[in-house]
Amino acid sequence: MAEGIFFAEHDLIHYAVETTLGYQNAFYGLLSSGWDIADFGTLDPTTGQKRVIPIEAGHAEMLVGVLQQELAGAIDPSDMDAALRHACETLNVPIPELSAAQYTTIRLRIHDLLAQWHLLPDGEALELVF
């Protein structure tokens, strides 16, 4: 998968996760509150440490990673909870509790957003409101 496609899909999955779960302190919420994209993963010049992200942002990142793996066929949907638990435990992020209905809504939004994006003519943009 080309890098540009990977990140476009990744960002659309973020949008689906964050809007479905009402997250205001994850990727898009942080950007809308003034964070710059360069702030993610860079060192804070005052502390020399990576900038601390809110728990919602950690939850969103873990969910997006697992959902993107599912989309690529690397994870079976029935293994989502175990894959999410493993990803969170590996990076010491609290494990979010999601219902089957929330997973279903997120997946439907992902497929809808990706379908809209793939149908765009070259040079056009998909504009979403957060």
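Let me begin with Asn 92, which sits in the loop between α4 and α5. This is a predicted model, so please take everything that follows as computed from it. What is the phi of Asn 92? The angle is near 55°, a positive value in a residue other than glycine. As background, most residues other than glycine have a negative phi. Is Asn 92 buried or exposed? Asn 92 is exposed, because its relative accessible area is 73% and the cut-off for exposed is over 50%.

Next in the chain is Val 93, found in the loop between α4 and α5. Val 93 has a relative accessibility of 17%, so this residue counts as buried. Leaving aside neighbours within four places in sequence, Val 93 is in contact with Gly 58, His 59, Met 62 and Cys 88.

Now the overall fold. The protein chain has five helices and zero strands, so the order of elements from the N terminus reads α-α-α-α-α. How does the radius of gyration compare with the globule rule? The radius of gyration is 15 Å, close to the 14 Å that the rule gives for 130 residues, so the chain is as compact as a globular protein of that length. Along its principal axes, the C-alpha trace spans about 45 × 40 × 30 Å. Of contacts between residues at least 6 apart in sequence, 63% join residues at least 24 apart.

Buried residues make up 32% of the 130 residues. There are 5 positive and 19 negative charges, and their mean positions are 7 Å apart.

What about the interior? The largest nonpolar core has 29 residues, and those touching the most other members are Val 17, Leu 21, Leu 63, Leu 67, Leu 84, Ile 106 and Ile 110. Which elements give two or more residues to this core? They are α1 (3-21), α3 (55-71), α4 (80-90) and α5 (100-119). Helix α3 provides the largest share, seven residues. Take Leu 21 as one example: leaving aside neighbours within four places in sequence, Leu 21 is in contact with Leu 63, Leu 98, Gln 102 and Ile 106.

Glu 70 is in helix α3. Is Glu 70 buried or exposed? At 14% relative accessibility, Glu 70 counts as buried, since the cut-off is under 20%. Beyond the neighbours within four places in sequence, the contacts of Glu 70 are Ile 75, Pro 77, Met 80 and Arg 107.

The other position is Ala 83, in helix α4. With a relative accessible area of 19%, Ala 83 also falls under the 20% cut-off and is therefore buried. Setting aside neighbours within four places in sequence, Ala 83 is in contact with Val 66 and Ile 75. The C-alpha atoms of Ala 83 and Gly 65 are separated by 9.8 Å, and these residues are 18 apart along the chain.

That is the end of my part. I will take questions now.

Notes. Residues are numbered from 1 along each chain as its sequence is written. This is a predicted model: local features need pLDDT of at least 70, side-chain atom pairs count only at pLDDT 80 or more; totals for chains, interfaces and linings use all residues. Side-chain values use heavy atoms; hydrogens and water are left out. Helices (H or I, at least four residues) and strands (E, at least two) are DSSP runs, numbered from the N terminus. The radius of gyration is taken over C-alpha atoms; the globule rule is 2.2 Å times the number of residues to the power 0.38. Buried means under 20% relative accessible area, exposed over 50%, partly exposed in between (1.4 Å probe, protein chains only). Contact means heavy atoms within 4.5 Å. Lys and Arg count as positive and Asp and Glu as negative; His and the chain ends are not counted. The place of a charge is taken as NZ of Lys, CZ of Arg, CG of Asp or CD of Glu. A nonpolar core is a set of buried Ala, Val, Leu, Ile, Met, Phe, Trp, Tyr and Cys residues joined through side-chain atoms within 4.5 Å.
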